[in-house]
Amino acid sequence: ESFYRTLFENTGTASIIVDEDSTILMVNTQFETLSGYSKEVVEGKKRWKEMVLEEDLEKLEKYHSMRKNDIGTPPSSYEARLIDKEGNIKIIRIDVAMIPGTKRTIASLNDLTDLRLAEKKLKTALERFYTILSNLSISILLVTEEMLVEFVNPAFCDYFDLNESPEELTGITVAEMIEKIKPVYKSPDEAINRINEIVNRWQPVTGEEVHFNHGITCLRDFIPIFVGNKPYGRLWVHVDITERKKMEKKLADSERQYKYIVEKSAAGIFILDKNGIIQYLNGEMSDLLQFSKNEMLEKHIKNFITEQAEFYKPENLSRNKVIRYDGFEFLNKSNNKVWTILTVTPIYNEKMDYAGLMGIVTDIGLQKGLEKAFLEREEILTDIIYDLMALLNDIVRKEERSEHNQKDIFKTFEKIFHNS
């Protein structure tokens, strides 16, 4: 008996021996630790029914009765909830066997509380994870290492025009899923070959464009999942960028149109950075100064002007209005002055810091030439008028001969016709 008592005491798990009337006859030290009760309080005094949660009692009594009366085959291992001395509920696994030749049973009790709580937390975390994925507008497909579909979200079903619900797709094979999604691709065979290539390479893929029917475009990510160094399946993500592609096309078309307008503008246009370096100029601007674009780009604007005014400096600009310079002088490749009207608009970044300016240049060289010719003609006309006035004065005064007056008149009119 001493041998068996020693063996019972050192099983490594909480153990009890129960009489046929449910009285606990013997417990070991591990049971004391598990329950919080001492041997003196339990042995021969407590029944196991007193220590079990009421919701589990009916099930355990049924198993005990079947075992005691040799009715059917009750389970030899099951879970129940134990109430310890402090009133704490512990989840335990009970392994039970009859002691041969008696109506007594021996049971070992393993505390599963921490394990079950951890499992519950893990399950809750997984449910939260799946809930989040289910509500994403992007398409999600999670595949196990066994080539089975573990999870798809509703967006995946929408992206691939599937009639099945996510729950109905869970558990099907990868091969079955490929057959379901294949018709959606613009080039099905090519698309499936690419999928197989990605899986065989087993390297992450990010932002790969894929094209579906009806003009749908998606970005695809492939994410191999590893826990430690062990593979644990893969994740496929699709993001619909159809609207973005349409906007990009509109933006590109608009940019081409505006670029065409700027390039074909009759006015010279240039853009400077905050240091006065030319970042852009149109063809009209380079033609006006007789330089090629490459000869002007990345050069300082002061290399192409005769003005001392540093119009490109922020202190000389107005934040709220366009500044106009009439008769602004640029310098062409032949070192000749080019007369212009220059309008300057400052450019600010999102932080409202000065980032440069845009200049629009109108050639007024022809206008300047006409003004010069007009002034010359005006001077000649003034001389003629003075000559006529002098001649008329002579006629009125009749101080000289009429023949002489006639000659002067002829000379004056000859001068008028010559300069008209």
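The following questions and answers concern a predicted model, in which local features need pLDDT of at least 70, side-chain atom pairs count only at pLDDT 80 or more, and totals for chains, interfaces and linings use all residues. Residues are numbered from 1 along each chain as its sequence is written, and side-chain values use heavy atoms, with hydrogens and water left out.

Biologist: Which strands do the buried residues of H4 pack against?

Modeller: Buried means under 20% relative accessible area, exposed over 50% and partly exposed in between, with a 1.4 Å probe and protein chains only. By that rule Asp56, Leu60, Tyr63, His64, Met66 and Arg67 are buried in H4. Taking contact as heavy atoms within 4.5 Å, these buried residues pack against strand E3 (77–83), strand E4 (89–98) and strand E5 (105–111).

Biologist: How many residues apart in sequence are the parts that tyrosine 185 and phenylalanine 212 tie together?

Modeller: Rings of Phe, Tyr and Trp (its six-membered ring) pair if their centres lie within 6.5 Å, and planes under 30 degrees apart count as stacked, over 60 as edge-to-face and the rest as tilted; the count comes to 17 aromatic pairs. Tyrosine 185 and phenylalanine 212 form an edge-to-face pair, with 5.2 Å centre to centre and 85 degrees between the planes. Because tyrosine 185 lies in the loop between helix H8 (174–181) and helix H9 (188–201), and phenylalanine 212 in the loop between strand E8 (205–211) and strand E9 (217–227), the pair ties together parts that are 27 residues apart.

Biologist: Which residue forms a salt bridge with lysine 245?

Modeller: A salt bridge is a side-chain nitrogen of Lys or Arg within 4 Å of a carboxyl oxygen of Asp or Glu, and the structure holds 24 salt bridges. For lysine 245 the closest N and O atoms are 2.9 Å apart, and the partner is glutamate 209.

Conventions. Helix = DSSP H or I, 4+ residues; strand = E, 2+ residues; numbered from the N terminus.
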